[in-house]
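Have the model open beside you and follow along.

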Amino acid sequence: MNNDKNHIHSFQEAYDLLNSAQREAVDTVAGPVMVIAGPGTGKTQILTLRIVNILRLTDTAPEQILALTFTESGVKAMRQRLVRYLGSTAYRVSIHTFHGFAQQLINNFPDAFPRIIGGRPISAVESSTLMENILRDTAEAHALRPTGDPGYYVKPVLGAINDLKKEYINPDSFDEILEKSQSDLSKMERYHSKGAHKGKIRSAYLQASRRLEKDKALGAVYRVYEECLNKKRLYDFSDMLMETVHVLSNDEYILRELQETHQYLLADEHQDSNGSQNRILELLASYHERPDLFVVGDEKQAIFRFQGASLENFLFFQTRFPDTKVISLTDNYRSGQPILDLSHKLIEVTEGPLAPLRVRLNSFKELPATIDCLEFNHTDSEMQWVADKIKELLAKGTPASEVAVILRRNKDVERYGTFLRQCGIAIRQTADTDLLNALVIRRAMELLRAITHPEDEHVLASLLHAPYWRISAHDLFKIFKAGTTVKSLSQLIAYKSKLEMAGVVDVGRVARVGEVLQEARDNTLTSSPQLVLARAVEGSGLLAMAMKQDPIESGRVLRRLYDEVEAMVKNGVALDCREVVDALNSYSVYGLALNAPDVLTSEAEVTVMTAHRSKGLEFNSVFIAQLVDSQWGGGKSRSLFSTATAHSLQNTEDKLEDEKRLLYVSMTRAKQELFLTFAKTDQDNRDYLPSRLLADMPIQTKSWPDIKDADMGLSKFRHPSESPVWSVNFLRDVLMERGVSATALNNYIKSPWTYLYRNVLRIPEVKTMSLQYGSVMHKVLEYMTKSHGKDAKWPTLDECVGQLETLLKKFPLTESERSLLKQKGSSSLEVYREHMVKSVTDKTVEEVRLTALLPTGLEKFPEIKLTGSLDRVDVTAEGGVVRVVDYKTGKPKSRNAIEGKTKQADAGYKRQLQFYALLLSLQEDKRWHSRNTVLSFIEPNERGKIKEEEFVISDEEIEEVKQDIISMVADVSSGTFLTNVPCDTNDCDYCYLAEELITRLPLTD
């Protein structure tokens, strides 16, 4: 050991401050030791001091000590403390994350890891694409290949395989688990033996059988996936630990060398270690009956593994090493006693195996502490109060670095962070956020799409909104209005003369868009994709704008994007800009996230973070916000497989217990001030209940009055510096010309911004595969009824499928998409054709287009044109309407969902039928005055039956839709429909564009 007097003195000072339990842990340098170390009990300190003590009391070399932890920040913290006590000797101690240890092993013994050394890591996009192909082509995977969404299981299957690997379960051992599951199923009672359901299959058996079918499909896919990785010489992140366990289990020479090298083992955060990590520890310690193995953990803080697995870690350790010394640290050096008592009440148990692990903590310093639990009427008031309270704390001298806001979800971190910045509070966001959702990345991606897809008018229309071009709202409206008379937007902006003819004022700014895009396209011939992207971002002005607004964050996320593009090119995932776009689009398709390390820019920042990210940190003042039941405690999680890990076969995950421990961790971050807040309603006026976790704690909730001017709506984004340039006359002209359809009405009720962009400006949009499928199926059904009308004979199924195939060739689909849609359509037609043969009347009219004028009673807009296209009208021989039939190609909906009575429904389907009934009632020919409507779902339900819902529309329902239309006409024709409506991303697909125009309100004549 380094005998420098200063380092010895530093160690002695720290050692003298230890309490009796801590000192026992530091002094017990031999034999297996397990320390139960709750929050704030000094576990990092005892880990480092114990390492120093081993060097002091034995002749052990620094290299013979191996300390394993979970994060690079944990490695750094331990190393820094060791430097204080050991000086340069600290750098000789082996301190690694588990993956870092595996990487060192691979470097030292490359021949033992041919799969790793001879291959490369597979990217998230590559693994998702590979898995999609496997699910499509593997016969045994039919249970994981839903017709409507063949990629649905890609992410869940990869997640399940990753979990299996973490627990060191390979395809062979997984097959053994499945065999046991099959045996357990065979022992279950299959049929009801008495009662009303006697002789019928028990639901428990049916559910278990279906789950096992999926598990077997998972096993088959897992084996194929591993074979593909080996064939392509690829590996994923979890394979590093899998291969390490395999080598240590099968190569005695390497294992013995490691055991001789690392005679003392220490492991941090043992409660979160998985099966592979535990197996590594066990193998390294297997040479001695009483190994010098020291683990520190706290079951109460197991937030990265579920309860059963975490508890097993502790029980297994004592079972594997019977004479383990167990030391419980009960003195907390962080929080005041009220915070410790309240948090302990949340997770307290009095009996069972958890009881001795749920240790009550005592505040060693007897710090003062306050706890407030506040209820607000609205989330806006809650957020405003949090912001005001933070300002108050900062004004009183609390350092910004000692203040934290903790939230349950990543998206709420972004929302709170944005709001606090708007309130003038410097913040640091810490969450597993997807950088592809960052505004500057979305703008860069939009620019790249416009470069690589010149034919995509929708992308170009969106790009023109971008603020870095500085195109005025006046010119935008002129461009889009002229876009209906010229061939394309791209041609319009390419010619200054056409822009001048369209009435564009600043022709140069608009023309600059085309110049930048063309320059980038030229660069694609000679430059790598990341350089093309970087030059376009700079040349467009996007970089300058982003760096001016937030240089640190913008630089961080743009750099991460460039690195990802470069890696794609390097690994052969994408060779040109178009392939880069496709690969980045795959992130969204497969639900992947592009993450980057957080950057600490200043100590003078308030931290806004997720509960998971708060682990290991401490702050003087902590706000735990949005403590509502749907987020903390009451949220539902659905497991698609019954066995993601070996442990879950015996232990069902108790989500509520997980939530309790997560809140416990969050609460124990606070030293002296803890604020628990929640609101009754959100921005959408949805009612919230306080988290059920609050009921487990003896705390008085205070109701807080609404805060004046708390407004998260439009006012936060308005800047009155720009003069109003929108024209109400323009809106009136559009309304007069196009009228109102059922779709336009539904769009308007869903979000006025959706109506503006889809029905007024008619922004070019790419037709999705599902929309193309809907169009094709409608045409096939039209062909069927028309054929029947000619000679009273229905076309055969083969003829219908042939028509389907012919129509699919006319749409811009890939071969795999055509194949998929043909399979789906053929399956539906097989059932739906028989339904039509039995139910359709002899006389029908297809694709009926109707118009009518509806009196409004409005002085400036006395009547409005209504338009509608009816899929099918069944009529009598005399021409009277029997019923209106509307085809739906999506999954069948319940009657409650159609009427908007379920949580996620919006009553759009029912409103459409009401609109049709109103339209029919306004026809001059009274034979068309029918109220009978039908929603007919083309896709069979789970029982293979066609579902139809019939509605007879009442006078009251017709009056209701009539008033909706009149209200819409009044607001649109006056120009007020956008002035008090914030864009809501839950309802609107155009918030990104709306934010660019929101500052140009209000409208004028």
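This is a predicted model: local features need pLDDT of at least 70, side-chain atom pairs count only at pLDDT 80 or more; totals for chains, interfaces and linings use all residues.

**Entry 1: the whole protein**

Residues are numbered from 1 along each chain as its sequence is written, and side-chain values use heavy atoms, with hydrogens and water left out.

I counted 38 helices and 25 strands; helices (H or I, at least four residues) and strands (E, at least two) are DSSP runs, numbered from the N terminus. I also looked at contacts, meaning heavy atoms within 4.5 Å. Among those with a separation of 6 or more, 78% come from residues 24 or more positions apart.

**Entry 2: the six-stranded sheet**

Next I traced an open sheet of 6 strands, ordered β3-β2-β6-β7-β1-β8 with parallel pairing; two strands pair if DSSP finds at least two bridges between them. At the edges I found β3 (94–97) and β8 (325–329), each pairing on one side only. From one strand to the next, the twist averages 15°.

I then followed β1 (residues 33–37), which pairs with β8 in the parallel sense over 5 bridges. Val 35 stands opposite Ile 327 of β8.

Which strands does helix α2 lie across? I see α2 (residues 20–27) across β1, β7 (293–297) and β8, at about 145° to β8. Axes here are lines fitted to C-alpha atoms, for helices over the stretch in contact, and angles run from 0 to 180 degrees between N-to-C directions. Helix α5 (residues 98–108) also packs on the sheet, where it touches β2 and β3 and makes about 115° with the direction of β3.

**Entry 3: the seven-stranded sheet**

I found another open sheet, this one of 7 strands in the order β13-β14-β12-β15-β16-β11-β17, again with parallel pairing. Its edge strands are β13 (427–430) and β17 (701–703), and its twist averages 25° from one strand to the next.

Strand β11 (residues 370–378) pairs with β17 in the parallel sense over 3 bridges. I noted Thr 701 of β17 as the bridge partner of Cys 373.

Two helices went into my notes here. Helix α16 (residues 379–395) lies across β11, β12 (403–407), β14 (606–610), β15 (619–624) and β16 (670–681), running at about 160° to β16. Helix α17 (residues 410–422) lies across β12, β13 and β14, at about 170° to β13.

**Entry 4: a helix pair**

I looked up how α15 (residues 337–347) meets α28 (residues 655–667): they pack at an angle of about 175°, with axes 9 Å apart. That makes α15 roughly antiparallel to α28; angles under 35 degrees count as roughly parallel, over 145 as roughly antiparallel, 65 to 115 as roughly perpendicular and the rest as oblique. Residues making the contact include Leu 342 and Leu 346 of α15, and Leu 663 and Tyr 664 of α28.

**Entry 5: Thr 60**

Is Thr 60 buried or exposed? I read 11% relative accessibility, so Thr 60 counts as buried. Its place is the loop between α3 (43–57) and β2 (65–69). Leaving aside neighbours within four places in sequence, Thr 60 contacts Ile 54, Leu 55, Ile 65 and Tyr 264. Its side chain has a 2.7 Å polar contact with that of Thr 58. A polar contact is a pair of N or O atoms within 3.5 Å; within protein, one must be able to donate a hydrogen and the other to accept it, and residues adjacent in sequence count only if both atoms are side-chain atoms.

Glu 126 is in helix α7 (residues 124–137). At 17% relative accessibility, Glu 126 counts as buried, and a polar contact of 2.6 Å joins its side chain to that of Arg 120.

Last, I checked α13 (residues 275–284): 9 of its 10 residues are buried, so α13 is largely enclosed by the rest of the structure. Asn 274 caps the N-terminal end of α13, with a side-chain oxygen 3.1 Å from the backbone nitrogen of Ser 276.

Technical notes: Buried means under 20% relative accessible area, exposed over 50%, partly exposed in between (1.4 Å probe, protein chains only).
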